[in-house]
Amino acid sequence: MQNKITHKIKKEQAGVKVVNFLKFELNMSTRLTRKLVLGGYVTVNGKKAKNSTELQEGDVIDIILETQDSQDIEPEDIPVEIVYEDMDLLIVNKPPFMVVHPTKGHPNGTLANAVMHYFRKTSQNCIVRLINRLDRDTSGLVVIAKSQFAHQAMAKKLDSNSIEKYYIAVVEGMMTGSGTIDLPIDRPSPDSIKREVMDNGQKAVTHYQVLSSSEEMSKVLIRLETGRTHQIRVHLSHIGHPIIGDTLYGAASDKIGRQALHAYKLKFKDLRDEREIEVVADIPEDIKNLMENIDK
């Protein structure tokens, strides 16, 4: 099935040029609009449109989103858990210890390699456009856009905080209640891997709710309002409750071989019809085992 957007022009939209319809009605960038129209991916009543084509009431405009893009990512037959898919998005549950995108240190075996194989196997003419990334040792939901349109639309949702992002973490010590950590974050030096709370850092806001706790550790539901690198890890460590297993921010543990952090749930509105979408990723066994120690 071809991935396209179809609109029938309403009376109040009559007289609008195709270029302006794509920009202002569909919120497409100038670059994407140019690419689609010049590439012949936009038709009006079955005929290829020009930027200057003027739309009339009753016209049917079709925008094909499967443009000819290429990407230097080798498809690899690696199992990937798909938790949601539609014409625009693929959402997967990334396991711990998997790198999201190829790097010099990890040229293959990544989530992107696995997703590229899935696209080829299912005959989808897509490249891997990541909406979000997770640390190697963080598990959970990763969103991939299937087109430049979807990537751009989801990026706008991220910028406007209209995607609700929830995480589950198991932290050191007893936490209670709920609250908000509103503290700026940045690198202490350009070559530093770690981030710190700094007065002149980037705005970072983390909301939390403690689900259960013991004297040793607590299970916490987190909602990110912003998405800074290492934000949850830095904020929780700063208030004295680093994530269990997070050796970078001070909570090494023999109970788990990585930081106990899982990208648990996403809520957002569909890119085409505004229906509410909620996606949940099952909590992996290593974090479940930690939780059992809290709930005993």
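## A hairpin, a sheet and packed helices

Strands S5 and S6 make a hairpin, with three residues between them. S5 covers residues 81-85 and S6 covers residues 89-94; the two run antiparallel and are joined by four bridges. Within this pair, Glu81 has Asn93 in S6 as its bridge partner. Strands count as paired if DSSP finds at least two bridges between them. Helices (H or I, at least four residues) and strands (E, at least two) are DSSP runs, numbered from the N terminus.

A word on the model: it is predicted, so local features need pLDDT of at least 70 and side-chain atom pairs count only at pLDDT 80 or more, while totals for chains, interfaces and linings use all residues. Residues are numbered from 1 along each chain as its sequence is written, and side-chain values use heavy atoms, with hydrogens and water left out. The pLDDT, the predictor's confidence in each residue from 0 to 100, averages 92 over the protein, and 98% of the residues score at least 70. Confidence is highest in S6, at 98, and lowest in strand S1 (residues 4-8), at a mean of 87.

S1 also belongs to an open sheet of four strands, in the order S1-S4-S2-S3, with antiparallel pairing. The edges are S1 and strand S3 (47-48), each of which pairs on one side only. Five bridges link S1 to strand S4 (residues 60-64), and these two run antiparallel. Here Thr6 has Asp62 in S4 as its bridge partner. Helix H1 packs on the sheet, where it touches S1, strand S2 (42-44) and S4, and its direction makes about 70° with that of S4. Contact means heavy atoms within 4.5 Å.

Now for the helices, whose axes are lines fitted to C-alpha atoms over the stretch in contact, with angles running from 0 to 180 degrees between N-to-C directions.

| Helix pair | Angle | Axis distance |
|---|---|---|
| H1 (residues 18-25) and H2 (residues 30-38) | about 140° | 10 Å apart |
| H2 and H4 (residues 148-159) | roughly 165° | within 11 Å |

Angles under 35 degrees count as roughly parallel, over 145 as roughly antiparallel, 65 to 115 as roughly perpendicular and the rest as oblique. H1 and H2 are therefore oblique to each other, whereas H2 and H4 are roughly antiparallel.

Which residues of H1 and H2 meet? Val18, Val19, Leu22 and Lys23 in H1 meet Thr30, Thr33, Leu36 and Val37 in H2. For the other pair, Arg31, Leu32 and Lys35 in H2 meet Gln148, Phe149 and Gln152 in H4.
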